[in-house]
Amino acid sequence: MSPKKSFHTSNPETDTAIDRTIPDFPAAQLSDEDRYFRAHKPPKYLDELSAEVSEFVEFHLKNSKKNIVLVTSGGTTVPLENNTVRFIDNFSAGTRGATSAEYFLENGYAVIFLHREFSLLPYSRHYSHTTNCFLDYMTEEDNKVQINRDFADEMLVVLRKYNAAKESNSLLLIPFTTVNQYLYTLKTISEILHRVDTRALFYLAAAVSDFFLPQSKMPQHKIQSQESGGKLIIDLEPVPKFLSRLVDNWAPAAMIVSFKLETDNTILIKKAKNALTRYQHQLVIGNLLQTRKKEVVFVTTDEPDQWIKLTDEEYKNKEEIEKIIIPAVIERHHKWIKQRNENKQK
Ligand code: PAZ
């Protein structure tokens, strides 16, 4: 038995019981992000997706000890009807994400590839979405289908890399289509990547819509043109900014890289810096729609802006800028892991 205590917690403190000078405790405020998740249903498959991601992450934590990167890729859709006939979309084909994923794999990372369904995928991107029909890669010889010799050497290189990723279970493909699916999936994966601590890297290259139509305002059926006098006026809400949730709550030990796309070069750097100040993450990679395959700029709070550019010759020879971007990101991630581990030991 512990010695008899001189205080009781169950008794009211009589000296402050009728004190009316204590200020009101403000009611707990819900953030825009919390409100979003309360007002929007998760996709039905989320539990299944979560189990798949957990299994992948556990596999790498136990077996490979690889760093894990979440690459987001492609554009989100904004449905205008519940039974969706029409939706708002954007330009992104997923080239940045799919190409980057390949270079992460080549550099020893395990990759969770969160992509717009039917946008470009690592490895298959070399043959899908081209003006060629896939049958153009083949020929008939001796009554058998063969790979066309014009493509065979290049295809062998891609095939070997693809098989290496498959055999080491290093690539997990997770699809989304709508902005709601994207947001729920990003949250779920981020919370799982919490287990990976500093070895998790977020590389957010998806083009996520800034505006959406809340489920509460969405018509159930196809919008009828007769009912609105032939006009369609859409009143969209801003998508809550989830990056601060990611940085502060979902995966606080991970390194986070976001992309900033603009079309006006005079505001790119300013917008990238604003994002860093607002979300307090580690790196913004700025790019312009018109030149995104040739040049990008790394913007951080503690270093001068760093442009990465392909020469005209390199661009003409189909060099990929991601071949330079990814090692530069990985170098920063390694530094991040080292610094955070040193800080933990202090
Ligand atoms: O998919 P893609 O290769 O055609 O385009 C890539 C990109 C421009 C969407 C990407 O590099 C990017 O900037 N994503 C972030 C967009 C933004 O929310 O600002």
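Helix 6 (residues 243–250) is largely enclosed by the rest of the structure, because six of its eight residues are buried; buried means under 20% relative accessible area, exposed over 50% and partly exposed in between, with a 1.4 Å probe and protein chains only. Helices (H or I, at least four residues) and strands (E, at least two) are DSSP runs, numbered from the N terminus. This is a predicted model, in which local features need pLDDT of at least 70 and side-chain atom pairs count only at pLDDT 80 or more, while totals for chains, interfaces and linings use all residues. Residues are numbered from 1 along each chain as its sequence is written, and side-chain values use heavy atoms, with hydrogens and water left out.

The buried residues of helix 6 are L243, S244, R245, L246, V247 and W250. They pack against helix 1, helix 5, strand 8 (200–204), strand 11 and helix 7 (268–279), where contact means heavy atoms within 4.5 Å.

The side chain of S31 makes a polar contact with the side chain of R245 at 3.0 Å, and another with the side chain of E33 at 3.1 Å. A polar contact is a pair of N or O atoms within 3.5 Å; within protein, one must be able to donate a hydrogen and the other to accept it, and residues adjacent in sequence count only if both atoms are side-chain atoms. S31 has a relative accessible area of 18%, so it counts as buried.

Next comes the nonpolar interior. A nonpolar core is a set of buried Ala, Val, Leu, Ile, Met, Phe, Trp, Tyr and Cys residues joined through side-chain atoms within 4.5 Å. The largest one has 48 residues, and V53, I112, I189, L193 and F202 touch the most other members. Helix 5 (residues 179–193) gives the most to this core, namely eight residues. Setting aside neighbours within four places in sequence, V53 is in contact with I112, L172, I174, I189 and I192. Another core lies apart from it, with 37 residues that include V71, A101, A328 and W336.

The ligand has 14 residues around it, of which S92, G94, R96, L261 and N287 come nearest; a residue is near a molecule or strand if one of its heavy atoms lies within 4 Å of it. A polar side-chain atom of N287 lies 2.7 Å from an oxygen atom of the ligand. On its own the ligand has 470 Å² of accessible area, and the protein covers 91% of that. Accessible areas come from the Shrake-Rupley method with a 1.4 Å probe; for residues, only the protein chains shown count as cover. Helix 3 (95–106) and strand 11 (255–262) are the elements that give two or more residues to this shell, and strand 11 gives the most, with three.

As for the protein as a whole, it has nine helices and 14 strands. Buried residues make up 40% of its 346 residues. Of the contacts with a separation of 6 or more, 74% join residues 24 or more positions apart. The C-alpha atoms fill a box of roughly 95 × 65 × 45 Å, taken along the principal axes. The protein exposes about 20,900 Å², 52% of it supplied by carbon and sulfur atoms.
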